[in-house]
Amino acid sequence: MVLVPVAKLEQVCADTFARIGSTPEEALRVARSLIGANLTGHDSHGVIRVPRYVDWVKSGDITPNQTVAVLVDTPSLAVVDGRYGFGQTVAPEAVRIGVAKARDAGLSAVALRDAGHIGRIGEWAEMAAAEGLVSIHFVTASGSILVAPFGARERRLSTAPFCVGVPREGQEPVILDFATSIVAEGKVMVASQGGKKLPEGALIGPDGEFSTDPAMLYGPYEPEGPRDSTRGRGAIRAFGEHKGSGLAFMCEILGGSLTGAKATGPGRRFCNGMFSIYVDPKRVDPEQVFDADVTRYIAYFKSAEPAKGVDEVLTPGEPERRMREERTRNGVPLTEATWNSICAKAREVGAGVPAL
Ligand code: NAD
């Protein structure tokens with residue numbers, strides 16, 4: 001493992017994106033967003049993705065410096081086309097539109113289609129929460145067929161994340177944010193690079209047996225070589241048995257079919273589609289009991305006696321908050337393979353690599 005200080009990571013990642021056509025602002029935004037995922041402990045959605053993002057720009061799958069096209073615009077609804085721009089550019093644009101409408105109308109919905117990879121969905125819920133809004137997000141990673149539905153051994157779903165954010169006055173928001181697969185694809189990537197091992201039953205093979213071997217998803221791979229999920233014959237399993245699989249299905253329908261990104265399926269170009277709902281709690285609750293009741297409920301929830309082997313009952317978003325404090329202070333731990341693959345890609349595009 002190497003421990004990379006945030007400033008050095010930012011430097012190499014931002015320089016890399018700037019070399020492939022992003023403005024300095026976008027390059028820094030994409031770098032910070034990826035590092036933000038590492039800081040919250042979601043290494044699967046962090047800088048491990050830099051080589052893949054560079055390849056997407058080179059292949060024309062992502063267009064740097066893109067802005068959204070607004071296709072539908074009513075007082076409470078917008079449909080916006082991300083036009084295959086960097087997700088870290090077009091997703092915050094979509095959130096800003098939703099926030100502005102919810103401020104006016106109390107409630108809004110924004111359908112974002114054809115966005116480049118929008119990373120950690122919690123980042124967008126945090127943005128809305130910082131503006132005092134509750135938000136709910138249904139997402140598809142259209143074209144990325146990775147997950148077997150409940151009862152299946154074949155892939156039919158993307159990792160289709162779901163996220164809810166709740167603002168709190170003068171405190172960090174509550175953020176529930178997860179892939180509807182047992183693990184996000186990036187966690188299989190992390191495991192394949194010598195990082196944290198996969199939990200039991202995370203994958204299912206073509207023979208219907210459960211597995212934790214990343215080669216089930218990627219086929220055989222070299223330590224520093226690319227990971228291609230189209231080469232494996234197995235699948236990640238949907239979480240939560242029939243209930244989680246059902247939520248994943250709805251993420252495909254709302255994040256995909258409803259936004260126009262289209263639910264995942266064969267022969268599709270990768271994009272994220274996100275259907276987001278924004279609610280102003282101050283408009284729903286004129287007596288202003290919301291924030292106090294959230295505070296009361298969090299204390300009640302956390303007061304439950306911990307199960308055997310558990311130190312503390314945590315609310316959604318608490319693990320990420322603690323990790324962010326710790327990693328901002330100490331740096332981001334990366335496996336040698338991940339750091340080497342980032343450095344190799346940086347050198348390939350002529351970016352500087354800082355000494356550690
Ligand atoms: P995960 O399994 O780590 O679950 C995270 C959620 O569970 C968080 O809300 C966290 O606060 C909560 N949590 C974790 N441990 C807890 C505990 N002990 N007690 C209480 N709550 C706890 O997340 P994941 O499914 O691996 O997803 C990782 C990231 O990947 C997410 O940010 C997600 O948005 C992102 N993702 C993005 C895409 C995309 O296409 N852009 C696709 C899939 C996933």
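Predicted model: local features only at pLDDT ≥ 70, side-chain atom pairs only at ≥ 80, totals over all residues.
User: Why is Val90 called buried?

Analyst: Val90 is found in helix H4. Its relative accessible area is 0%, and buried means under 20%, so Val90 is buried.

User: What makes Asn65 partly exposed, and where is Asn65 found?

Analyst: Asn65 is found in the loop between helix H3 (50-59) and E2.

User: What can you say about phi and accessibility for Arg83?

Analyst: Arg83 lies in the loop between E3 and H4. This residue is not a glycine, yet its phi is positive, at about 45°. With a relative accessibility of 35%, Arg83 counts as partly exposed.

User: What makes E2 and E3 paired strands, and in which sense do they run, parallel or antiparallel?

Analyst: Pairing asks for at least two bridges. Strand E2 (residues 69-73) is joined to E3 by four bridges, so the pair meets that condition, and the two strands run antiparallel. Within the pair, Val70 has Val80 as its bridge partner, and Ala69 stands opposite Asp81. E2 and E3 form a hairpin, with three residues between them.

User: How do you know that E3 also pairs with E4, and in which sense?

Analyst: Here the count is five bridges, against a requirement of at least two, so E3 and strand E4 (residues 107-115) pair. They run parallel. Leu77 has Ala109 in E4 as its bridge partner. As for E3 itself (residues 77-81), four of its five residues are buried, and the strand is mostly covered.

User: What is the handedness of the unit made by E3, helix H4 and E4?

Analyst: E3, helix H4 (residues 87-105) and E4 make a right-handed β-α-β unit. The label is set by the path: with the strands pointing away from the viewer, a right-handed crossover runs clockwise from the first strand over the helix to the second. Val90 of helix H4 also has its C-alpha atom 6.6 Å from that of Ala115, 25 residues apart along the chain.

User: What makes E6 and E10 edge strands?

Analyst: Four strands form an open sheet in the order E6-E11-E9-E10, with mixed pairing. Strand E6 (147-148) and strand E10 (210-211) are its edge strands, as each pairs on one side only. E6 and strand E11 (residues 235-237) pair in the parallel sense over two bridges, and at least two are needed. In that pair, Val147 stands opposite Ile236.

User: Which residues have the most contacts inside the largest nonpolar core?

Analyst: They are Leu9, Cys13, Phe17, Val47, Leu334 and Trp339, in a core of 30 residues. The elements that give two or more residues to this core are strand E1 (2-4), helix H1 (6-19), helix H2 (24-39), H3, strand E13 (332-334) and helix H12 (336-348). H2 gives the most, with six residues.

User: Why does Met250 count as partly exposed, and which patch is it in?

Analyst: The relative accessibility of Met250 is 42%, which is between the 20% and 50% limits, so Met250 counts as partly exposed. Patch residues need over 30%. Met250, Phe249 and Ile253 make a nonpolar surface patch of about 270 Å². Met250 lies in helix H8 (residues 241-258).

User: Why is the contact between Arg324 and Glu126 called a salt bridge?

Analyst: The closest N and O atoms of Arg324 and Glu126 are 3.2 Å apart, and the limit is within 4 Å, so the pair forms a salt bridge. Arg324 lies in helix H11 (residues 318-330) and Glu126 in helix H5 (residues 122-130), so the contact ties together parts 198 residues apart in sequence. Arg324 is partly exposed, with a relative accessible area of 25%, and Glu126 counts as partly exposed at 21% relative accessibility.

User: How far apart are the closest N and O atoms of Glu312 and Lys302?

Analyst: They are 3.1 Å apart, and the pair forms a salt bridge. Glu312 is in the loop between helix H10 (290-302) and H11, while Lys302 is in helix H10, ten residues apart. By this rule the count comes to 20 salt bridges.

Terms used: Residues numbered from 1 in each chain as written. Heavy atoms only, no water. Buried < 20%, exposed > 50% of the residue type's maximum accessible area, 1.4 Å probe, protein only. Patch = residues over 30% accessible without salt bridge, like charges linked within 9 Å, V, L, I, M, F, W, Y side chains within 5 Å. Areas by Shrake-Rupley, 256 points an atom, 1.4 Å probe, with all protein chains shown as cover. Salt bridge = Lys/Arg side-chain N within 4 Å of Asp/Glu carboxyl O. Core = buried A, V, L, I, M, F, W, Y, C linked by side-chain atoms within 4.5 Å.
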